[in-house]
Amino acid sequence: MAFDGCQKIWMNGELVDFADAKIHVLSHVIHYGSGVFEGLRCYDNRRIGPAIFRLKEHTHRLFNSAKVLRMEIPYSEEEINEAIKATLQANGLRSAYIRPLVYRGMGTLGVDPVPCPVDVAIAAWSWGAYLGEEALAQGIDVRVSSWTRMAPNTFPALVKATANYLNSQLIRMEANIDGYTEGIALDTNGNVCEGSGENVFIVYDGKLFTPPLGSSVLKGITRDCIMILAREMGLEVHEHVIPREMLYHAEEVFFSGSAAEVTPIRSVDRIAVGDGKAGPVALELQKRFFAIVNGEEEDRYGWLTPVG
Ligand code: PPE
């Protein structure tokens with residue numbers, strides 16, 4: 001099954017069996033994409049036991065996403081944090097990917113979502129390396145997508161809305177069908193934006209660059225961690241507009257994301273990045289990231305919330 005270890009799903013305040021976690025076919029969300037969601041991980045930390053990575057930040061982003069869609073979540077952030085913990089406990093999961101979802105349920109149809117209820121679900125299951133087992137160590141091959149990321153003032157890029165992921169699906173399918181693991185999309189100005197579900201970083205002249213929030217990227221929580229860990233390593237970090245050709249000149253390119261964690265990129269459009277292998281900066285950041293989440297090192301930034 002695709003959802004290993006997922007036995008109970010939290011729906012509107014109750015833990016229901018996997019088989020019963022259903023919605024009506026006339027729910028607004030499946031017609032018009034009226035939902036917002038999060039994706040975060042719980043790691044089996046050797047110091048403190050199962051621990052959720054940046055729980056408060058993810059829940060806060062969920063509420064900020066809902067705000068733009070004028071969805072009133074009928075719970076507090078604190079209640080959602082507790083519900084996430086309860087979901088992990090109910091499933092006995094020590095390490096997991098967690099998917100909170102806020103959506104417009106069944107009320108009426110027609111574009112106006114306001115008459116429809118705001119429903120909340122939280123699922124968790126075991127999900128290994130997002131871009132394949134070898135990706136983290138070896139790096140992946142990506143293409144620049146023929147699909148452009150959403151233009152400013154069309155879809156809200158800073159909002160993690162389900163509807164934004166139509167664009168992501170187009171990017172991902174095109175890349176996979178053409179034999180690449182993932183795509184990097186450009187923004188409407190032709191500058192580097194992000195992957196279908198990851199932020200992009202490049203190492204250029206020994207400095208670390210990532211596109212700014214004005215380049216239609218999601219404000220990734222892993223992106224924030226990477227910038228903190230890179231500065232800790234003594235790297236200069238810049239949120240800066242990145243022209244496409246910098247991808248080919250870069251010493252390194254890599255992705256960050258809750259699902260993708262820190263995934264090196266070894267080629268873009270079949271052009272080798274650096275010497276065509278996972279680069280040292282990406283691997284060092286990955287090592288520092290995993291050391292914190294796994295508990296080899298202490299949680300020096302307060303990123304972990306114990307489940308129990
Ligand atoms: N950009 C996009 C478009 C995106 O979807 C993600 C997360 C990121 C950047 C990185 O954000 P953060 O997770 O806060 O570091 N993508 C989520 C969904 C992936 C999926 O396939 O679904 C994730 O990583 O959970």
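Predicted model: local features only at pLDDT ≥ 70, side-chain atom pairs only at ≥ 80, totals over all residues.
Biologist: Which residues of helix H5 are buried?
Modeller: Helices (H or I, at least four residues) and strands (E, at least two) are DSSP runs, numbered from the N terminus. Buried means under 20% relative accessible area, exposed over 50%, partly exposed in between (1.4 Å probe, protein chains only). In H5, the buried residues are Tyr165, Asn167, Ser168, Ile171, Glu174 and Ala175.

Biologist: How far apart are the end C-alpha atoms of H5?
Modeller: H5 covers residues 165–177, which makes 13 residues. The expected span is 1.5 Å times one less than the number of residues, and for H5 that gives 18 Å. The end C-alpha atoms agree with this, at 18 Å.

Biologist: Which residue just after H5 takes a positive phi?
Modeller: Look just past the end of the helix. There, phi is about 90 degrees. The residue is Gly179.

Biologist: How many bridges join E9 and E10?
Modeller: Two strands pair if DSSP finds at least two bridges between them. E9 and E10 (residues 192–195) form a hairpin with 5 residues between them. Leu186 has Val192 as its bridge partner in E10. The pairing is antiparallel, and the number of bridges is 3.

Biologist: Is Arg54 buried or exposed?
Modeller: Arg54 sits in the loop between strand E5 (49–53) and helix H2 (55–68). Contact means heavy atoms within 4.5 Å, and beyond its neighbours within four places in sequence, Arg54 contacts Ile221, Asp224, Cys225 and Trp303. Its relative accessibility is 8%, so Arg54 counts as buried.

Biologist: Which residue of E17 is the bridge partner of Ile52?
Modeller: E5 is mostly covered, with 5 of its 5 residues buried. E5 pairs with E4 (residues 40–45) in the antiparallel sense over 4 bridges. E5 also pairs with E17 (residues 304–306), again antiparallel, over 3 bridges. In E17, the partner of Ile52 is Thr305.

Biologist: Which residues come nearest to the ligand?
Modeller: A residue is near a molecule or strand if one of its heavy atoms lies within 4 Å of it. There are 22 residues around the ligand. Those that come nearest are Tyr97, Tyr130, Tyr165, Thr222 and Ser258.

Biologist: How much of the ligand's accessible area does the protein cover?
Modeller: A polar contact is a pair of N or O atoms within 3.5 Å; within protein, one must be able to donate a hydrogen and the other to accept it, and residues adjacent in sequence count only if both atoms are side-chain atoms. Polar side-chain atoms lie 2.4 Å from a ligand oxygen atom in Tyr130, 2.6 Å from a ligand oxygen atom in Ser258, and 3.3 Å from a ligand nitrogen atom in Lys160. Accessible areas come from the Shrake-Rupley method with a 1.4 Å probe, and for residues only the protein chains shown count as cover. On its own the ligand has 550 Å² of accessible area, and the protein covers 94%.

Biologist: What is the relative accessible area of Gln286?
Modeller: Gln286 is in helix H8. Leaving out residues up to four places away in sequence, Gln286 touches Leu136, Val262 and Pro264. Gln286 is buried because its relative accessible area is 11%.

Biologist: How far apart are the C-alpha atoms of Ala121 and Glu174?
Modeller: Ala121 is found in strand E7 (residues 118–125). Ala121 is buried, with a relative accessible area of 11%. Along the chain, Ala121 and Glu174 are 53 residues apart. Their C-alpha atoms are separated by 30 Å.

Biologist: Is Asn12 buried or partly exposed?
Modeller: Asn12 lies in the loop between strand E1 (8–11) and strand E2 (14–17). Its phi is near 45 degrees, a positive value in a residue other than glycine. At 34% relative accessibility, Asn12 counts as partly exposed.

Terms used:
Residues numbered from 1 in each chain as written. Heavy atoms only, no water.
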